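Student: Hi! Could we go through this one together? I have a few quick questions.
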Amino acid sequence: MEVKLWNDKREREMYDNFAELYAIIKATEKLEKGYVRDIISSSQYETECQKLIAHFKTLASTFKDTVPSIERFADTYKMDCPAAINRLVTSGVPATVEHRAAAAASSTTSAAVVAECVQNFITAMDSLKLNMVAVDQVHPLLSDLSASLNKLSILPPDFEGKTKMKEWILRLSKMGAADELTEQQARQLHFDLESSYNSFMAALPSAGT
């Protein structure tokens, strides 16, 4: 006996999207395991991982109302994919990108890196003032800022700017690309950026910069 999952075209499209989301999560889990086991090269991994992350963000934003929690979706369909959930939801970037950022953290501080951090701080704050509050507008700016801060060995791991940017990036990764920060969220983000910038500038003289 054939069991019909949908009653109309809209329901059928919803289940098709569920199937695609399921496939993306499963594929990401296999990709993560393949990379860890050195079955695929770093370049192959990064290319495919970026594609999956992009597809995931696009798909997740289309049915954010029907699937408010990816973790709950995975639990509902008995998906044991912790690596995929971490990569798609928590991190939002390939492991190779994270590794490069970590390696850069041990490099020598230079005037160019300091200037890059300052520029990224100002760009992010100015963008908020111009009401650029969509996730796909804010996330890249904070990612660039976080990456530049991680290049500076003079900044400790618990530096205010690093921890706050990580928290914001994590929060944005759980939202859809077309979602927008509320007025209160935008105001809080600007405050955190300004506070982190002041702490950053105060840290430079102590390092002999």
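Student: How do α1 and α4 lie, roughly parallel or roughly perpendicular to each other?
Tutor: This is a predicted model, and in it α1 and α4 are roughly perpendicular to each other. Their axes cross at roughly 105° and come within 8 Å. Angles of 65 to 115 degrees count as roughly perpendicular.

Student: Which residues in α1 meet α4?
Tutor: From α1 there are I24, I25, T28, E29 and E32, and they meet P82, A83, A84, R87 and L88 in α4. By class, this contact has six nonpolar, one polar and three charged residues.

Student: Switching topic: how many residues are in the largest nonpolar core?
Tutor: It has 29 residues. Among those with the most contacts inside it are F121, L142, L193 and F200.

Student: Which elements give two or more residues to this core?
Tutor: Those are α6, α7, α8 and α9, and α6 gives the most, with eight residues.

Student: And what does L193 touch?
Tutor: Leaving out residues up to four places away in sequence, L193 touches F121, A124, M125, L128, L142, L145 and M165. There is also a second, separate core of 25 residues, which includes L21, I85, L88 and A95.

Student: Now the loops. Where is D38 found, and is it buried or exposed?
Tutor: D38 is in the loop between α1 and α2. D38 is exposed, with a relative accessible area of 65%. It has a positive phi of about 60°, although it is not a glycine.

Student: What about phi of K78?
Tutor: Phi of K78 is positive too, near 55°. K78 is in the loop between α3 and α4, and K78 is exposed, with a relative accessible area of 72%.

Definitions and conventions
Residues are numbered from 1 along each chain as its sequence is written. This is a predicted model: local features need pLDDT of at least 70, side-chain atom pairs count only at pLDDT 80 or more; totals for chains, interfaces and linings use all residues. Side-chain values use heavy atoms; hydrogens and water are left out. Axes are lines fitted to C-alpha atoms, for helices over the stretch in contact, and angles run from 0 to 180 degrees between N-to-C directions. Helices (H or I, at least four residues) and strands (E, at least two) are DSSP runs, numbered from the N terminus. Angles under 35 degrees count as roughly parallel, over 145 as roughly antiparallel, 65 to 115 as roughly perpendicular and the rest as oblique. Contact means heavy atoms within 4.5 Å. Ala, Val, Leu, Ile, Met, Phe, Trp, Tyr, Cys and Pro count as nonpolar, Asp, Glu, Lys and Arg as charged, and the others, Gly among them, as polar. A nonpolar core is a set of buried Ala, Val, Leu, Ile, Met, Phe, Trp, Tyr and Cys residues joined through side-chain atoms within 4.5 Å. Buried means under 20% relative accessible area, exposed over 50%, partly exposed in between (1.4 Å probe, protein chains only).
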